Amino acid sequence: MTPRTGLGAKHKSNPSLTVRALFGGLQVVESVAVSATAKQTTRRTGDYNFLFTIHDFGFRIIKMSEMEGKKPSDSSVESRYLLMPHQANPYGTAFGGVIIAWIDMIASMAAQRHCGKEVVTASIDSLSFKEPISVGDHVVLKASVNYVGRSSMEVGVRVIREDPYSSEEVVATTAHLTFVALDEDKRPCAVAGILPETADEKRRYENAKLRVQARKDLLRKISR
Ligand SMILES: CC(C)(COP(=O)(O)OP(=O)(O)OC[C@H]1O[C@@H](n2cnc3c(N)ncnc32)[C@H](O)[C@@H]1OP(=O)(O)O)[C@@H](O)C(=O)NCCC(=O)NCCS
């Protein structure tokens with residue numbers, strides 16, 4: 001679909017621009033904050049990237065392209081550990097904090113691989129310890145990017161307990177984390193979109209979208 005665009009007005013003293021773009025019959029209105037000295041800025045709305053140039057008396061979209069995205073499989077990460085005694089609690093099963101550290105690490109690698117930038121953990125949105133892991137078990141972690149906002153990425157992690165002798169697998173822990181990409185000035189910056197392909201990836205994308213929306217709705221209600 002080729003987007004048609006119309007441009008809103010800009011006041012010279014107002015650092016916020018309004019852009020109206022028509023995608024088929026759907027009008028998207030986007031506010032773009034620019035600094036007085038900015039010559040160029042990017043913004044993503046829905047499935048489109050905008051690249052603006054800023055002029056004294058207005059601005060111009062110089063590029064509006066369909067989102068350049070990556071598949072979840074392009075950035076997914078898998079790693080494997082052997083649970084050692086010093087990583088266990090007094091009962092001989094995994095200490096939760098060790099598992100969380102592994103989850104945070106592998107998830108951040110998936111986010112970094114997706115966006116190719118520095119990332120920070122903004123939140124651990126859910127964490128469920130479903131099954132214990134014992135000393136001597138193999139621990140397999142799988143992380144992939146489920147969903148992408150403008151600068152944020154939701155990464156899903158599955159921790160699988162594998163029997164070292166029979167290779168029997170049980171999902172022991174699941175988690176969802178949000179990472180934010182930072183630019184050279186340590187400010188949140190836009191990242192590539194995500195292009196889910198398989199049925200599982202599409203399901204994870206839709207579920208993540210619901211989680212992001214629910215978090216925003218909750219924040220709105222709480223801050224009232
Ligand atoms: C995460 C952080 C960069 C967000 O900065 P901010 O000024 O609040 O940024 P913004 O309000 O512009 O939000 C940027 C994005 O982060 C998301 N975000 C911010 N806080 C969030 C939170 N608590 N949970 C999930 N997402 C969050 C926003 O929804 C937004 O997403 P989008 O760009 O996809 O729409 C900032 O809070 C930070 O630096 N936190 C400390 C990170 C850290 O030290 N982590 C632990 C070690 S890595």
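The structure is a predicted model, in which local features need pLDDT of at least 70 and side-chain atom pairs count only at pLDDT 80 or more, while totals for chains, interfaces and linings use all residues. Residues are numbered from 1 along each chain as its sequence is written.

**Sheet**
- An open sheet is formed by five strands in the order β8-β10-β11-β12-β9, with antiparallel pairing (two strands pair if DSSP finds at least two bridges between them).
- β8 (77-82) and β9 are at the edges with a single partner strand each, so one side of each has no neighbour in the sheet.
- From one strand to the next, the twist averages 25°; axes are lines fitted to C-alpha atoms, for helices over the stretch in contact, and angles run from 0 to 180 degrees between N-to-C directions.
- Six bridges join β8 to strand β10 (residues 138-148) in the antiparallel sense, and R80 stands opposite V140 in β10.

**Helices on the sheet**
- α2 lies across β8, β9, β10, β11 (152-162) and β12, at about 135° to β11 (contact requires C-beta atoms, placed from the backbone, within 7 Å).
- Helix α3 (residues 199-223) also packs on the sheet, where it touches β9, β10, β11 and β12 and makes about 70° with the direction of β10.
- Buried residues of α2 include I99, W102, I103 and I106; a residue is buried if 20 or more other C-beta atoms, placed from the backbone, lie within 10 Å of its own.
- After α2 comes G116, whose phi is positive, near 65°.

**H114**
- H114 is in helix α2 (residues 96-115) and is buried, with 27 other C-beta atoms within 10 Å.
- Apart from neighbours within four places in sequence, H114 is in contact with K70, S75, V145, M153, V191 and A192.
- H114 and V191 are 77 residues apart along the chain, and their C-alpha atoms are separated by 8.1 Å.

Definitions and conventions. Helix = DSSP H or I, 4+ residues; strand = E, 2+ residues; numbered from the N terminus. Buried ≥ 20, exposed ≤ 12 C-beta atoms within 10 Å, placed from the backbone. Contact = placed C-beta atoms within 7 Å.
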